[in-house]
Amino acid sequence: MRFLLINPPITDFACYDYFMKPLGLLYLTGILRERGHFVRLIDSMDRKFPDLAQMKEGSYGRGEFYSLYLEKPAPLRNIPRNYKLYGLPPDQLEELLIEENQNYDYIILTSGMTYWYQGLKETSQLLKKIYPDTPIILGGIYATLLPDHASKNISFDYLVRGGFKGLEKLIGIKIPSFSNWPAPDYSDYEEPGYAVVRSSRGCKNSCPFCGIKMIFPGFDFKEAVFLREKIRVFKDTRSIENIVFYDDDLLASPGFKDYLKDPVLGVKIHTPNGLDPEKLDPETGELFRRAGVIDPCVSADILSAAGEKSMQKHSQDLIERSISSLRSAGYRPGEYSTYIIGGLPNQDMNLLEHDVRFLHETGARVRIAEYSPVPGTSTASVLPKELMEEPLLHNNSLYPALKKADIIRFQNIKKIASTLNGRFNQK
Ligand code: SF4
């Protein structure tokens, strides 16, 4: 069979390539090719896409996306910020597909954050225009969380929720369990810059603001030998030196811990999703250092949560303990990070500022992850119905769950974090 796989462009106020790759599509490409099917993968967010203007490069293969100004959609009209389309513009995608003049049995379109649906909508309409008779299958996060909204706004024939199980039935191809998936297939990228992988799928925690259980409720992992072999292939055949683990609960993965004991030399490892402080012990810190883990990021998530005790995740003692595991392994202040969630409903800004200062004192760079409501979660259930019904308003850069009076205070706390982080650059 012949498949066209598409990752659409993003529409947002800001977007930067901090290790963004459509990992589900990359794994699916590997699975389908391994079974002998033809796959054409187009990632509209590939910064090195041929004929796309090249933008400023950052560190470790990251960098700026090509972008175009867009007229703001009605719900965002009063927001005094520029709104853009990031990635491959739809007219360039159209030219490319017409020039390639290929036929496909199925088009598989993925989706990301709920508030990015405008780019997805335009891409789906374009695909229907070029391939009116080819079934389009929509999957991904937005499709899983908001199937009814997708049905009203996106052009597709079938919708699959929460992974590959529904897809298997539709296309009639057996998809193995996660532990037997081949490596994500990067052969459609001329210069991937970095490779994103997973050693596990799912998370053993259940945070009230997170939608992971709706996307993948279980927990599954790959053996270290498999990870090692694939990472070696990335390094030797594609010269990829930055490997990014996208795991949601990385330290719960026995395969990852075993991999660290005998890592592929000469690659840098990145862990952008944060590390559970409960599982970061001195032995793990030592393995990180030896395996070349760059900027390990401890998940502080929510430290102080006055009035919302059920939300508090970790104690300061635990954070200090986990960071001392990094320090004793040789990480110096500024060489590791913590992330904390800011902008939650009813969050006390005094406590947030206090937590930011506490985290800085541990020697960590403090990343504030701005809260975006996830439909179907208990944290989002307290938010107004009209906000939850319009995904464009879920955008984290609008601070959707904060009261007006708290927004300026929150912006100041972000500036404080940035100033404190800047001190590490001066040392
Ligand atoms: S630890 Fe992270 S991935 Fe797991 S439930 Fe909490 S927020 Fe979600």
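1. In helix H14, the residues Phe 410, Ile 413 and Ala 417 are buried, a residue being called buried if 20 or more other C-beta atoms lie within 10 Å of its own, exposed if 12 or fewer do, and partly exposed in between, with C-beta atoms placed from the backbone. Helices (H or I, at least four residues) and strands (E, at least two) are DSSP runs, numbered from the N terminus.

2. This is a predicted model, in which local features need pLDDT of at least 70 and side-chain atom pairs count only at pLDDT 80 or more, while totals for chains, interfaces and linings use all residues. Residues are numbered from 1 along each chain as its sequence is written.

3. H14 has 23 residues (404-426), which at 1.5 Å a residue should span 33 Å, and the C-alpha atoms at its ends lie 35 Å apart, which agrees; the expected span is 1.5 Å times one less than the number of residues. The buried residues of H14 pack against S18, helix H12 (349-361) and strand S19 (365-370), where contact means that two C-beta atoms, placed from the backbone, lie within 7 Å.

4. For helix H11 (residues 316-328), the 13 residues should span 18 Å at 1.5 Å a residue, and the end C-alpha atoms are 18 Å apart, which agrees. Ile 319, Ser 322, Ile 323, Ser 325 and Leu 326 of H11 are buried. Seen down the axis of H11, these buried residues fall within an arc of 140 degrees, so they line one face of the helix; the arc is that of the directions from the helix axis to the C-beta atoms. The face turned away from the buried side of H11 carries the exposed residues Asp 317 and Ser 328, and just after H11, Gly 330 takes a positive phi of about 115 degrees.

5. The buried residues of H11 pack against helix H10 (282-291), strand S17 (297-301) and strand S18 (337-342). S17 is itself mostly covered, with five of its five residues buried: Cys 297, Ser 299 and Asp 301 point one way, whereas Val 298 and Ala 300 point the other way. S17 and S18 run parallel and are joined by four bridges, with Thr 338 in S18 as the bridge partner of Val 298; two strands are said to pair if DSSP finds at least two bridges between them.

6. Four strands form an open sheet in the order S11-S14-S15-S16, with parallel pairing. Its edge strands are S11 (195-197) and S16 (293-294), each of which pairs on one side only. Two bridges join S15 (residues 268-270) to S16, and His 270 stands opposite Ile 294 in S16.

7. Gly 211 is found in the loop between strand S12 (200-202) and helix H7 (212-215), and counts as partly exposed because it has 17 C-beta neighbours inside 10 Å. Not counting residues up to four places away in sequence, Gly 211 touches Leu 145, Val 374, Gly 376 and Thr 377.
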